Amino acid sequence: MISKGYFIKQKFERIIRFIVDIITSNWKSYSLLFLVFFIMYAVYGDNNDIPVKLTLVLFFIGIFLISISKVRIEYRTAIFILITGIASACLSPINDIPDEPVHYQRSLFLSEGDLNLSNNSKNLLESEDFIHIDKETGLPIQKSKLRNISPSKMEIANERLTVTNAYYIFGYLPQAIGLKIGNILDISIIFSYLLGRIFNVIAYAILIFIAVKVSGKLAQIISVSSLLPMNIYLAGSYNQDALGLGIILLIFSLLEYFYQEVNKISIWKIFIYIFLCALLATIKLPFILLIFPLLFIPNKKFNIGSKKLYLIKALGIFLVVLVAIFWMKTYSEIVNVNYLNVDYLANVDAKRQVLSIINQPFVYFKVLLGEFFMRLLNPANINLFGWLSYGPTFLISYLILFLVMVVFNNANKVNVGVLERSILFIVIIGLYAGIILAMYLTWTPVGEFKVEGVQDRYVLGIIPGLLIFMTVNNKRLDNFRDFISEKIILDISLCFIYTMLLSTVFNYYNF
């Protein structure tokens, strides 16, 4: 008769073998994660005041995430986003993400059922909660004094809401839902604030899950693009860029799907593509240019006749442009108080700036071209967090090298026509140039010989397009395809995310 002790011994041995197998198959990724902790400690750590418990918790979460195996890439990417995004939401101090104060205020405004902005301050009433939050700007959530204070029903006018006039409600829906749930549950102001951040992470994760699932052979491109440290950082905040980036990545994944599909593509997928591009007009306006590659997808890939298809494509472009014009006219009617209260912006005038460029085209073309190449060759502040005050900028060259490695790993998996690839390149250049020109017209005083206000995070939505362009039809790199496993690619992305999390920890939690 077999004893009970024998079964216990067998079970124990299976557990040991399971653990050994996990360690053996993941030792490279574990080593890389450990190296990240060591480097970040060496650069940012204070020997006398290290948050040991918090650092260990993050380390073991990283070990757990790396240990996840035999999971499809869309699930693994979504899990990475959810866990690291929520970690960032909890660790980032109050209002510490760029422009977060006004994005929080707009989300709060929406959560109370207010949809539209106004030039009349009487129509800009919202809960005085934002005053309490503002007073604790820069303070870690764990040290907040608001944990015992319930949301207030008293409303006061907030003209600062007009700073968000260029965005409609869509980019604030997840955050507003989180705040609304917090208010319904009557939890404290600070936990309601945290809930709004977490719902933004959830919305971003859902969009990316769909995008990676749709993208087919180039799933690694969408996954890696979505896991850039700044993307996760923005997702764990009130910034509406997170939803915008999620939609942009979904549009690129649909474009990848159109490139790859050999059967007849449903007309509904065309309508979804057009709808998403139109939606971007109210979230990230320059990216409406993504509607144009649709026009050059070969008609034979779709399940309707060429004449009807050309009509649908033309009407789609017309609709997106019409929405953009309507939205620009609508939001320009709301006066941004920044232009009234900030002396620096007093001399900002888009019309006069255009006339200035026309009068001296060669001079200002050089200014814009210089900014174009400076940002392209040295995008250092894409790794700057807080209000561009801290972050591992010394790792930017390694991040770029990793993206090049991802291109090699996916080289020539998809082939497209020369015209399609050329249009994609033109759109990428147009988006990049459009961002710089927009900041010169709307943020730079008239006549200045430099472009003000450009942040490298503005080009996060261009990166997936650039990676796709470099990957498709790249026969010269065909021999490098899949030289690194999909799992290692995602694990390296996770390690870069950890450089963001650890720089936050070592910058704010040495107490």
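This report describes selected residues and side-chain pairs in a predicted model.

## Salt bridges

The model contains twelve salt bridges. One of them joins the side chains of Arg457 and Asp241, with a nitrogen-to-oxygen distance of 2.8 Å. Its two partners come from distant parts of the chain, 216 residues apart. Arg457 is in the loop between helix H18 (418–442) and helix H19 (463–471), whereas Asp241 belongs to helix H10. Arg457 and Asp241 are both buried. They are also members of a network in which salt bridges with shared partners join Asp99, Asp241, Lys284 and Arg457.

Another salt bridge is formed by Asp482 and Lys413, at 3.1 Å from N to O. Asp482 is in the loop between H19 and helix H20 (486–508), and Lys413 is in the loop between H17 and H18, so this pair ties together parts 69 residues apart in sequence.

Arg481 is partly exposed at a relative accessible area of 32%, and Asp478 is partly exposed at 31%.

## Aromatic rings

There are 24 aromatic pairs in the structure. Phe258 and Tyr273 make one that is tilted, with 5.7 Å from centre to centre and 45° between the planes. Phe258 is part of helix H10 (residues 241–260) and Tyr273 is part of helix H11 (residues 267–280), so the pair ties together parts 15 residues apart in sequence. Is Phe258 buried or exposed? Phe258 is buried, with a relative accessible area of 0%. Tyr273 counts as buried too, at 0% relative accessibility.

Ring pairs also link Phe37, Phe59, Phe60 and Tyr498 into a cluster.

## The loop between H16 and H17

Asn381 is located in the loop between helix H16 (361–377) and helix H17 (396–409). With a relative accessible area of 14%, Asn381 is buried, because this value is under the 20% limit. Which residues does Asn381 contact, leaving aside neighbours within four places in sequence? The contacts of Asn381 are Met230, Arg375, Leu388, Val454, Gln455, Asp456 and Arg457. One of these, Arg457, takes part in the salt bridge with Asp241.

Leu388, another contact of Asn381, lies in the loop between H16 and H17 as well. Leu388 is partly exposed, with a relative accessible area of 33%. Its phi is near 55°, a positive value in a residue other than glycine.

A positive phi is also found at Asn473, where the angle is about 60° although the residue is not a glycine. Asn473 is in the loop between H19 and H20. At 24% relative accessibility, Asn473 counts as partly exposed.

Ser356 has its place in helix H15 (residues 350–359). Ser356 is buried, with a relative accessible area of 13%. Apart from neighbours within four places in sequence, Ser356 is in contact with Tyr364, Val446 and Gly447.

Leu377 lies in helix H16. Its relative accessible area is 68%, so Leu377 is exposed. The C-alpha atom of Leu377 is separated by 32 Å from that of Ala203, and the two residues are 174 residues apart along the chain.

## A nonpolar surface patch

Which residues make the nonpolar surface patch of about 610 Å²? The patch is made by Leu32, Phe34, Leu35, Phe38, Ile39, Val43 and Phe394. Leu32, one of these residues, lies in helix H1 (residues 4–44). Leu32 counts as partly exposed, at 30% relative accessibility.

Notes:
Residues numbered from 1 in each chain as written. Predicted model: local features only at pLDDT ≥ 70, side-chain atom pairs only at ≥ 80, totals over all residues. Heavy atoms only, no water. Helix = DSSP H or I, 4+ residues; strand = E, 2+ residues; numbered from the N terminus. Buried < 20%, exposed > 50% of the residue type's maximum accessible area, 1.4 Å probe, protein only. Contact = heavy atoms within 4.5 Å. Patch = residues over 30% accessible without salt bridge, like charges linked within 9 Å, V, L, I, M, F, W, Y side chains within 5 Å. Areas by Shrake-Rupley, 256 points an atom, 1.4 Å probe, with all protein chains shown as cover. Salt bridge = Lys/Arg side-chain N within 4 Å of Asp/Glu carboxyl O. Phe/Tyr/Trp six-rings, centres within 6.5 Å; stacked < 30°, edge-to-face > 60°.
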